[in-house]
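Q: I have a model open and would like to go through it with you. Can we start with the strands and then move on to the rest?

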Amino acid sequence: MTSTESEAAAAVSIGAGLALRKRAELLGLLRPCFARTGPWLQAGKYVSALASELPRVNGWSIARHGGDRTPDRTQRLLNHASWDTFAAMSVVRRFAVARLDQAARRRRRRGALVIGAIDETGQEKAGEATCGVKRQYLGCAGKVANGINTVHLAYVRERTGHALIGARQWIPREQIEDPVKSLLMRLPLDLAFRTKGQLAIDISTDAAADGIRPDFYCGDEVYGSCTQLREHFEASGQAYVLRVPSTFTLTLAAGTKMTCAEAVTALLRHKRRWEVRSAGHGSKGERWYAWAWLATASPRHHLLIRRHLKTGELAFHYCYVPDGQILTKARLIRAAGLRWPVEVGHCWHRSSCAAFS
């Protein structure tokens with residue numbers, strides 16, 4: 001073994017040891033969330049298996065990893081054990097954010113943005129017994145299929161890392177309002193229907209209660225089109241960069257109303273109105289686009305437009321920055337480019353959920 005290989009092996013060993021210590025620390029913090037010791041210890045086995053490099057993640061492989069003969073104990077943990085889900089989520093959220101903040105300070109990432117990235121992911125499911133399951137469009141499958149959708153929040157620290165810190169499953173209205181389906185799916189009796197935008201309000205409210213206030217919240221058209229979500233952010237002085245459809249209507253500085261598409265055609269015909277900037281580093285290198293922005297009747301609202309350099313495809317971002325906070329086009333572009341890590345987090349989430357599908 002060469003010295004370089006020895007150093008690499010030592011680094012892997014140190015990293016594995018640190019991961020074990022941090023996982024044990026998190027498990028200790030989670031103890032008050034469980035009514036009994038047994039389910040708490042089983043939760044530790046479950047998390048340990050999901051964090052390992054199992055070649056295939058399913059109920060049986062998780063059981064074997066934890067020393068159980070069958071998946072029964074983990075199934076009881078997930079389906080019947082008494083534990084406070086929201087309290088546990090809060091513990092995990094604060095733990096993940098604190099460690100990312102510590103890493104940023106160690107690396108002296110001054111001036112780096114912090115983003116709350118909102119997105120939903122689908123998971124294919126067979127049958128009709130799972131709450132929330134129905135035929136719907138699933139991004140993971142790229143088609144309409146039988147499955148569930150969950151809204152997620154990722155905490156993204158620019159040039160440091162990211163972690164999923166919140167989630168709410170979307171439940172169709174017809175399942176909540178049908179007493180038979182609601183009973184069979186074991187839905188809470190006081191559960192009210194919430195749109196995906198309203199679920200994003202719930203998740204961001206939980207994050208704020210834990211002292212988490214990112215520089216910007218970002219999300220796709222589902223969330224940019226939700227007036228209630230935008231109003232919620234603005235009422236709390238929270239900046240956002242949210243995608244909106246081309247048909248989204250703006251009131252421009254002169255009081256003229258136009259859709260996003262109409263505004264680009266009328267006001268951004270000249271090349272000098274556009275500048276090429278990177279949206280950040282992706283899996284294939286820098287992601288270069290042409291960018292422009294337009295003022296609106298409100299000095300705190302702008303429309304940020306991204307144009308693909310080859311296809312000319314446009315993407316629209318409706319932006320809000322409260323009075324007293326930094327407002328520049330470059331800062332909004334950086335924020336828009338930091339939304340993608342939430343999609344990376346979906347890959348791990350889907351694999352962990354699929355274990356007991």
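Q: Which residue takes a positive phi in the hairpin of β3 and β4?
A: In this predicted model, that residue is R159, with a phi near 65°, in a hairpin that has three residues between the strands. Helices (H or I, at least four residues) and strands (E, at least two) are DSSP runs, numbered from the N terminus.

Q: And how many bridges join β3 to β4 there?
A: Nine bridges join β3 to β4 (residues 161-170), and the two run antiparallel; strands count as paired if DSSP finds at least two bridges between them. Within this pairing, A154 stands opposite L164 in β4.

Q: Which residue of β3 does D119 stand opposite?
A: D119 stands opposite H152 in β3. Strand β1 (residues 114-124) is joined to β3 by 11 bridges, and these strands run antiparallel.

Q: Why is β3 described as largely enclosed?
A: Because 12 of the 15 residues of β3 (residues 143-157) are buried, the strand is largely enclosed by the rest of the structure. Buried means under 20% relative accessible area, exposed over 50% and partly exposed in between, with a 1.4 Å probe and protein chains only.

Q: Switching to S48, is that buried or exposed?
A: S48 counts as buried, because its relative accessibility is 18%. This residue lies in helix α2 (residues 37-51).

Q: What does S48 touch?
A: Leaving aside residues up to four places away in sequence, S48 touches R23 and H65, where contact means heavy atoms within 4.5 Å. S48 and I62 are 14 residues apart in sequence and 8.9 Å apart in space, C-alpha to C-alpha.

Q: What is the mean pLDDT of the chain?
A: The mean is 89, and 91% of the residues reach 70 or more, pLDDT being the predictor's confidence in each residue, from 0 to 100. Over residues 7-14 the pLDDT is below 50, and this stretch has zero contacts in the model beyond near neighbours in sequence. Residues 348-357 are also below 50, but that stretch has 25 contacts beyond near neighbours in sequence. Where pLDDT is low, the predicted coordinates should not be read in detail.

Q: Which conventions apply here?
A: Residues are numbered from 1 along each chain as its sequence is written, and side-chain values use heavy atoms, with hydrogens and water left out. For this predicted model, local features need pLDDT of at least 70 and side-chain atom pairs count only at pLDDT 80 or more, whereas totals for chains, interfaces and linings use all residues.
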